[in-house]
Amino acid sequence: MKLRATLIGFTAILMWSFLALLTAASGKMPPFQLSAICFAIGSIPGIVVLTLNPSRLALLKQPAKVWIVGIAGLFGYHFLYFTALRNAPAVEAGLIAYLWPLLIVVGSALLPGERLRWYHIVGALAGLCGTFLIVGRNGINFDGAYAVGYGAAFLCAFTWSGYSLLTRRFDAVSTDVVTGFCMATSILSLICHLGLETTIWPETGLEWLGVLGLGLFPVGAAFYAWDFGVKNGDIQILGSASYAAPLLSTLILTIFGFADPSWRIAFACLLVTGGAVLAAQDMFRRKAATAEQAIAAE
């Protein structure tokens, strides 16, 4: 069960790796407008499930703290991320925001039944270095003038890591509740859009497909998969493996002609993959022990 849940959680990372490509394909829609539409689309699969199985509506009745954590996680992360991008260069803001996998790995030591090992930290740091190579390929230059943006990016990293770690504590809460988180995030994003942005609609069918793809996968199904993964899988492995998202994203952009191949990508691939394998030592050991027990039983 734990391996299966971990693999399901990893599908969220795979879907997030298509975020840049689909965002580029979606046109020039403002971020909060895009967020409002995508989270509305992302809530549709959950709404369909609840409609077909009305008895599951009872699963949405959760304590206030569950709703606060869920909505703060999904909406808070995106609000802070967009704020960071508005007030600081995208490269530096993105790199700071992507501290969240490392924070998940380190913070997992506070969770019941989890132990932080040296290889978890080293694996996460290797992934961070790989991310640095990808995100900072055109140089990094932190400037005090962008302190507000940097601060928002730091809060962004702590928000998503905190959401993921607290979600683990709510392991008895059904993933159906993510539908409500998505709906609330869509509404709050719409309010921010109406107050802060000018509405811009996609101009072509391809751009609408990009928006639909975002809503169904990176800003939809990915959150359901992540919720199930962090609740039932190995959160330390998922934290370290999350650094694969920017790497896979860059590889996908390269394949589709939006980026050029380079030695940085190859070296980053080694760092991220090696870090993920190192952090997954516990899983490999459990599988080896299970295999040995099966052989002994024969």
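Guide: A nonpolar patch is made of residues with over 30% relative accessible area and no salt bridge, their side chains joined within 5 Å. This is a predicted model.

Visitor: How much accessible area does the nonpolar patch on the surface have together?
Guide: The patch consists of Leu-206, Leu-209, Leu-212, Leu-216 and Phe-217. Phe-217 is found in helix α10, residues 205-232. The accessible area of the five named residues together is about 480 Å².

Visitor: Is Phe-217 buried, partly exposed or exposed?
Guide: Its relative accessible area is 44%. Buried would need under 20%, and exposed over 50%. Phe-217 is therefore partly exposed.

Visitor: How far apart in space are Ile-71 and Phe-217, C-alpha to C-alpha?
Guide: Ile-71 is found in helix α4, Phe-217 in helix α10. In sequence, 146 residues separate Ile-71 and Phe-217. In space, their C-alpha atoms are separated by 19 Å.

Visitor: Which residues does Ile-71 touch, not counting residues up to four places away in sequence?
Guide: Ile-71 has a relative accessible area of 23%, so it is partly exposed. Beyond four places in sequence, its contacts are Gly-76, Phe-181, Ala-184, Thr-185 and Leu-188.

Visitor: How many aromatic pairs does the structure hold?
Guide: A pair of aromatic rings is described by the distance of the centres and the angle of the planes. The centres must lie within 6.5 Å. The number of aromatic pairs in the structure is 21.

Visitor: Is the aromatic pair of Phe-32 and Phe-79 stacked, tilted or edge-to-face?
Guide: The ring centres of Phe-32 and Phe-79 are 5.8 Å apart. The planes make an angle of 40°. Under 30 degrees would be stacked, and over 60 edge-to-face. The pair of Phe-32 and Phe-79 is therefore tilted.

Visitor: How many residues apart are Phe-32 and Phe-79?
Guide: Phe-32 sits in helix α3, residues 31-52. Phe-79 sits in helix α4, residues 64-87. The pair links distant parts of the chain, and the separation is 47 residues.

Visitor: Does Phe-32 count as buried or exposed, and what does Phe-79 count as?
Guide: Phe-32 has 2% relative accessibility, so it counts as buried. Phe-79 has 32% relative accessibility, so it counts as partly exposed.

Visitor: What is the angle between the planes of Tyr-98 and Trp-100?
Guide: Tyr-98 is buried, at 15% relative accessible area. Trp-100 is buried too, at 3%. The Tyr-98 and Trp-100 rings form a tilted pair, with centres 5.5 Å apart and planes at 50°.

Visitor: Is Cys-182 buried or exposed?
Guide: The cut-off for buried is under 20% relative accessible area. Cys-182 has 0%, so it is buried.

Visitor: How many residues apart are Arg-56 and Asp-176?
Guide: The side chains of Arg-56 and Asp-176 meet in a salt bridge, 2.5 Å from N to O. Arg-56 is in the loop between α3 and α4, and Asp-176 in the loop between α8 (147-169) and α9 (177-196). These are distant parts of the chain, with a separation of 120 residues.

Visitor: Which parts does the pair of Arg-86 and Glu-197 tie together?
Guide: Arg-86 and Glu-197 form a salt bridge, with the closest N and O atoms 3.1 Å apart. In sequence, 111 residues separate the parts. The parts tied together are helix α4 and the loop between α9 and α10.

Visitor: In which helix do Lys-231 and Asp-227 both lie?
Guide: Lys-231 forms a salt bridge with Asp-227, at 3.0 Å between the closest N and O atoms. Lys-231 counts as buried at 6% relative accessibility, and Asp-227 counts as buried at 2%. The two residues are four apart, about one turn of the helix, and that helix is α10.

How values were computed
Residues are numbered from 1 along each chain as its sequence is written. This is a predicted model: local features need pLDDT of at least 70, side-chain atom pairs count only at pLDDT 80 or more; totals for chains, interfaces and linings use all residues. Side-chain values use heavy atoms; hydrogens and water are left out. Rings of Phe, Tyr and Trp (its six-membered ring) pair if their centres lie within 6.5 Å; planes under 30 degrees apart count as stacked, over 60 as edge-to-face and the rest as tilted. Buried means under 20% relative accessible area, exposed over 50%, partly exposed in between (1.4 Å probe, protein chains only). Patches are made of residues with over 30% relative accessible area and no salt bridge: like charges are joined within 9 Å, nonpolar side chains (Val, Leu, Ile, Met, Phe, Trp, Tyr) within 5 Å. Accessible areas come from the Shrake-Rupley method with a 1.4 Å probe; for residues, only the protein chains shown count as cover. A salt bridge is a side-chain nitrogen of Lys or Arg within 4 Å of a carboxyl oxygen of Asp or Glu. Contact means heavy atoms within 4.5 Å.
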